[in-house]
Amino acid sequence: SLGVAASCTRRTADVAPSLAVSPFTTQQRMSPRSDELQSIIIRAGIEELLPRFQQVGHHLKADGSILTEADIAMHRRLCMELAQRWPEIEFLSEEMSKDAQEALLRDDGRPLWCLDPLDGTSNFAAGLPCFAVSLALLLGGEPVLGVIYDPMHDECFRAEKDKGAWLNEQQLSAQATRDSLDLAVALIDLKRLKPELARRLAENPPYASQRNFGSSALEWAWIAAGRGHVYLHGGQKLWDFAAGSLILSEAGGYSSTLECEPVFKQTLTSRSVVASSSNALFHRWRDWLTE
């Protein structure tokens, strides 16, 4: 057992530490809204990602991950458009250097865009139609806006803190179709789990069936939409969970790390994810994983 505290049974929004959200200054005037971001991201995804799908090559970055022309094009497009509208908000992107990322994160009082211009790059490069754009606005050390757009299916998931979550124009309410773990569909990334936990899951899975789609952002969004019942990931970066954790929480879902901490933390350190759209199922799933 990892010694999970009883407090881990609370909903994501309740588990998260109480952080004061700094208001925008008078010079900033107009705060972004999720519907505004939705329009910008949908247009950029259609114009920058879809024409390049199955049309571009890729190369490996220093850490072994894949980078395509589409990542770079989407990054440049969104940086340009958002900077024109909200020049006071700086960018934190997966495609920046680590030194630049760390410099931005030292001050959690500054508003930041947290961007993954193409989540699921390996899928994109292989011609698999499962990828997304993920953007969150971080303010006061927490996400206050989140947008995830799947251009292949024209689905845009978005959320505003304390105002709810939507799929396109339909409000999301994450209610699991089943609360029994042995009937659940599990979304699981085995690669980043500790070997002993991966072995337990392989030898004695407590769920009905298992999927892994190769896009963390979409997996968060799909749990919020009830397309999977439980979720497990061994290590995500800030841009993987910033928008998705807010969308799931605002839809009424539940999440924590394997150590029973809130998933969101403004850090470059990888975070594990345990999640479900159902309160009862979240507790059963988390308890099985940590027993």
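Reader: What makes arginine 110 and glutamate 90 a salt bridge?

Author: The closest N and O atoms of arginine 110 and glutamate 90 are 2.5 Å apart. A salt bridge is defined as a side-chain nitrogen of Lys or Arg within 4 Å of a carboxyl oxygen of Asp or Glu, so the pair qualifies. This is a predicted model, in which local features need pLDDT of at least 70 and side-chain atom pairs count only at pLDDT 80 or more, while totals for chains, interfaces and linings use all residues. Residues are numbered from 1 along each chain as its sequence is written, and side-chain values use heavy atoms, with hydrogens and water left out.

Reader: Why is arginine 110 called partly exposed?

Author: Its relative accessible area is 25%. Buried means under 20% relative accessible area, exposed over 50%, and partly exposed in between (1.4 Å probe, protein chains only). Arginine 110 is therefore partly exposed. Glutamate 90, at 38%, is partly exposed too.

Reader: Which salt bridges does arginine 77 form?

Author: Arginine 77 meets glutamate 48 in a salt bridge, at 2.9 Å from N to O. Arginine 77 also forms a salt bridge with glutamate 81, where the closest N and O atoms are 2.5 Å apart. Arginine 77 and glutamate 81 both lie in helix α3, 4 residues apart, about one turn of the helix.

Reader: How do you know that arginine 77, glutamate 48 and glutamate 81 are buried?

Author: The relative accessible area of arginine 77 is 11%, so this residue is buried. Glutamate 48 has 15% and therefore counts as buried. Glutamate 81 has 12% and therefore counts as buried.

Reader: How many salt bridges are there in the whole structure?

Author: A search finds 17.

Reader: What makes the rings of tryptophan 220 and tyrosine 231 an edge-to-face pair?

Author: A search of the whole structure finds 10 aromatic pairs. In this one, the ring centres are 5.9 Å apart and the planes stand at 75°, so the pair is edge-to-face. By definition, rings of Phe, Tyr and Trp (its six-membered ring) pair if their centres lie within 6.5 Å; planes under 30 degrees apart count as stacked, over 60 as edge-to-face and the rest as tilted. Tryptophan 220 lies in helix α7 (residues 216–224) and tyrosine 231 in strand β12 (residues 230–236), so the pair ties together parts that are 11 residues apart in sequence. Both tryptophan 220 and tyrosine 231 are buried.

Reader: Why is the pair of tyrosine 254 and phenylalanine 282 called stacked?

Author: The angle between the planes is 25°, and the distance is 6.3 Å centre to centre. Tyrosine 254 is in strand β13 (residues 254–256) and phenylalanine 282 in helix α9 (residues 279–290), 28 residues apart. Tyrosine 254 and phenylalanine 282 are buried.

Reader: Which residues make the nonpolar surface patch?

Author: Ile46, Leu50 and Met152 make a patch of about 210 Å². Patches are made of residues with over 30% relative accessible area and no salt bridge; like charges are joined within 9 Å, and nonpolar side chains (Val, Leu, Ile, Met, Phe, Trp, Tyr) within 5 Å. Accessible areas come from the Shrake-Rupley method with a 1.4 Å probe, and for residues only the protein chains shown count as cover. Isoleucine 46, found in helix α2 (residues 34–49), has a relative accessible area of 40% and is therefore partly exposed.

Reader: How many disulfides does the structure hold?

Author: The structure holds 0 disulfides, a disulfide being a pair of cysteine sulfur atoms within 2.5 Å. Cysteine 79 is buried because its relative accessible area is 18%. Cysteine 130 has 11% relative accessibility, so this residue counts as buried.

Reader: What share of the protein is buried?

Author: Buried residues make up 55% of the 291 residues. The secondary structure comes to 9 helices and 14 strands.

Definitions and conventions:
Helix = DSSP H or I, 4+ residues; strand = E, 2+ residues; numbered from the N terminus.
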